Amino acid sequence: MTFDILLQALASGVLIGLIYALVAIGLTMIFGVMDIVNFAHGEFLMLGMYGSFWGFALFHLDPLLTLPLTALMLFALGVLLYRLLIVRIVDAPMVSQIFTTFGLMLLLRGLAQFFWKPDFRSIENSFVAGSVQWGGLHLGKPQLLAGAGAVVVTGLVYWFLHRTRLGVALEATAADKEAARLMGIDSHRMFALAWGIAAACAGVAGVLLSTFFPIFPEVGASFILIAFVVVNLGGFGSVAGAFWAGILVGVIEVMGGLLVGPEYKLAIVLVLFLGVLMWRPRGLMGKA
Amino acid sequence: MKIPVTLHFSHALRGLAHAGVLVLSGLFGLSVLGGAQAARAQAPPAEVRIGMLYPLTGAAASSGAEIRNALELAADIINNGAPGLPGLPFAGGGGLPGLKGARIRLVFADHQGSPQVGATEAERLITHDKVVALQGAYFSNVTATASMVAERYKVPFLNAESSSASLTRRRFRWFFRTTPHDEQFVRDQFEFLRELGARKGIDASRIATFNENTLWGNETTRLQGRLIPENGHVLARQLTYPARSTQLTSEVQALKAATPAVVMQSSYLGDALLAMKTYKELGFLPQMILANNAGFTDTEFIRTLGRDADFVITREVWALDLARGNALIRQADALFQQRFQAHFNGNSARAFTGLMVLADAIDRAGSTEPEAIRRALVATDIPGSRLIMPWQGVKFDETGQNVLGRGILVQIVDGRYQTVWPFDLATREVVWPMPRWDQRK
């Protein structure tokens, strides 16, 4: 177990952790703003991957070129889903909310399989292919770019939420819906915005992943469980919390897998997660 | 409150009368049905319903789709014939002659890759769709639960693709498996390494195992762990990983650290793809990747990885180049190609063969009674010349396992699967060692 190997594991862990963070940010935002657990969040990731794939397969456009368009399309989808479906369950009992988003998840997966077949797709020969060797480290270029992209998008979201009027309005709605309404902030617009941003974030994560991860209708399932852990660990509603928790989970998963054994990697993540929750139930950076 | 006795008594009398009418009409109804039943038992049915339990959605849906195509082709051949392929069973068409031309009707059920759903779907097929037999289920863990249901209901269950050895160790009466199982395949791999060592003088002493951790992977791991030292190799590292991981970096790093000459890997498609990509990303390649079918032989494997898939050796149950020496395989594949624009592969060929074996048994039974079908299955003896598999035939032992089956090994060269073992069926020499990533064009 040389230092090189440990460093490699750390680097790989950070890189995949950044992806987890990006997926989790959207999820935590929806929960923070409207107290709804979105089980269909992994499907936004999946749709982002497919958007990237079809752009590449049909128009030979590199995923990085189509990224803004895919993000916009997913933003629109998030808003549309809010207005068509979620708006009806905003004040419904939690069980109804769970069933709705769960059903949405099944629907989106089913539609993806229906239209695009269950076959695995992949994007080869993108701009970013191959790996970089730095000392003893092997870093895949797609993974590096994905990590960088995740940092940029997280920064953008954070800046939006804390430095723009609209973002602050969103935070206000999250803090107290009624008070915000009294201040003239339309909570439905805010909710739609939250859904749009969440879908776009997951979609961007999907585009970044598509440069190195196989694309298939069920791909959301692989990431959603970890996303829930990250959201919980970082604290529901905290974007910064989701960011740091994502990185932490990625690092623990890879290094734990290396040091203890790969078959235990998820178990280690979950045990540590339980530990944090017992000590600090609101998560690392959650609001009390 | 006092209830007048007379009122009470007449209530009771009325109740009795009602009950009496009910019983009488019930008996009458039963006799009518019984008569119909007796009449039906005498005339063979016009159609024979067989339940097909496969993953039509979920992560293995692409395998399920291929299998479904093969089964529909087989049913079509049985019902409508295959002119020009006299070697195939039932090539004359017209349904099952033993049941006076009864047609095969396949009833598909999707188990979504879940053992629980597999069990409930099996039950539904038996109780609601009234199938005379079941075939399925691809995944060993789903086959395990679904066949338990069939055993309880005493309905024959034919398994054509699941390779976990434990399935036949249960010694079920109603479970029959045509495909060879993992223990045989894994032993084959060691025989291959031994013969290859003798032939080419290579040193394959350090072996690492890298398997997913559902029923299939865990059993293979246990078996390999036992056979590696038994065959004189060194067990460099035994790795298992959770299926459908989002990343395999720690696993590949652990493999790198173990410096194996051979990596024996068992993965379904998603993990196989991710593993190969991670190997390339981290610059890791042993001298031989000896894979255990499943993901490595899925049509998507080469399609997705392109030339990065080259030189992987995997056990297979079937290969297209077998057609070179076998006219029946060639013709059947042409038929499949014509209908579905794709070739047979190990899964579709075994599913096709499975249905043919079931149909053969039902035909010989001359009835749809489960026990008759079961006895016919026990007596199965189909020669290899009537199969599109590289087997010596189909004959079940007392545990329900076909003892005449055989696996082969193929290597991906020039983007195609080419048979490299047994050496008498091989169409090319083994490429050893695998050229490193930076050595390839």
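Modeller: Let's start with a rule we'll need: two strands count as paired once DSSP finds at least two bridges between them. Keep in mind, too, that this is a predicted model.

Colleague: Okay. How do strand 13 and strand 14 of chain B pair, and over how many bridges?

Modeller: They run antiparallel and share five bridges. At one of these spots, Val413(B) has Arg416(B) of strand 14 as its bridge partner. The two strands form a hairpin with two residues between them, and Asp414(B) there has a positive phi near 55°.

Colleague: Which other strand pairs with strand 13 of chain B?

Modeller: Strand 10 (residues 313-316) of chain B pairs with strand 13 in the antiparallel sense, over four bridges. Look for Glu316(B), which stands opposite Ile408(B) of strand 13. As for cover, five of the six residues of strand 13 (408-413) are buried.

Colleague: Now a sheet with parallel pairing. In what order do its five strands come?

Modeller: The order is 2-1-3-4-5 in chain B, and the sheet is open. Strand 2 (103-110) and strand 5 (175-177) each have a single partner strand, so one side of each has no neighbour in the sheet. Neighbouring strands are turned by 25° against each other on average, direction ignored.

Colleague: How many bridges join strand 4 and strand 5 of chain B?

Modeller: Three, in the parallel sense, with strand 4 covering residues 157-159. Phe157(B) has Phe175(B) in strand 5 as its bridge partner.

Colleague: And which helices lie across strands of this sheet?

Modeller: Helix 2 (residues 61-80) of chain B lies across strand 1 (47-54) and strand 2, at about 165° to strand 2. Helix 3 (residues 115-127) of chain B lies across strand 1, strand 2 and strand 3 (133-136), and runs at about 175° to strand 1.

Colleague: What describes two packed helices?

Modeller: The angle between their axes and the distance between those axes. For a case, go to chain A: the axes of helix 1 (residues 3-34) and helix 8 (residues 187-210) come within 8 Å and cross at roughly 170°. That makes helix 1 roughly antiparallel to helix 8 in chain A. Sorted by class, their contact has 22 nonpolar residues, one polar and no charged ones.

Colleague: Is Asn293(B) buried or exposed?

Modeller: The cut-off for buried is 20 or more other C-beta atoms within 10 Å. Asn293(B) has 23, so this residue is buried. Asp35(A) has 14 such neighbours inside 10 Å and therefore counts as partly exposed.

Colleague: Where do I look for cis peptide bonds in chain B?

Modeller: One runs from Trp421(B) to Pro422(B), with omega near 5°. Another runs from Trp432(B) to Pro433(B), with omega near -10°. Pro422(B) is in the segment after strand 14 (416-421) of chain B, and Pro433(B) also lies in the segment after strand 14.

Terms used:
Residues are numbered from 1 along each chain as its sequence is written. Chains are lettered from A and ligands numbered from 1 in the order in which they are written. This is a predicted model: local features need pLDDT of at least 70, side-chain atom pairs count only at pLDDT 80 or more; totals for chains, interfaces and linings use all residues. Axes are lines fitted to C-alpha atoms, for helices over the stretch in contact, and angles run from 0 to 180 degrees between N-to-C directions. Two residues are in contact if their C-beta atoms, placed from the backbone, lie within 7 Å. Angles under 35 degrees count as roughly parallel, over 145 as roughly antiparallel, 65 to 115 as roughly perpendicular and the rest as oblique. Ala, Val, Leu, Ile, Met, Phe, Trp, Tyr, Cys and Pro count as nonpolar, Asp, Glu, Lys and Arg as charged, and the others, Gly among them, as polar. A residue is buried if 20 or more other C-beta atoms lie within 10 Å of its own, exposed if 12 or fewer, and partly exposed in between; C-beta atoms are placed from the backbone.
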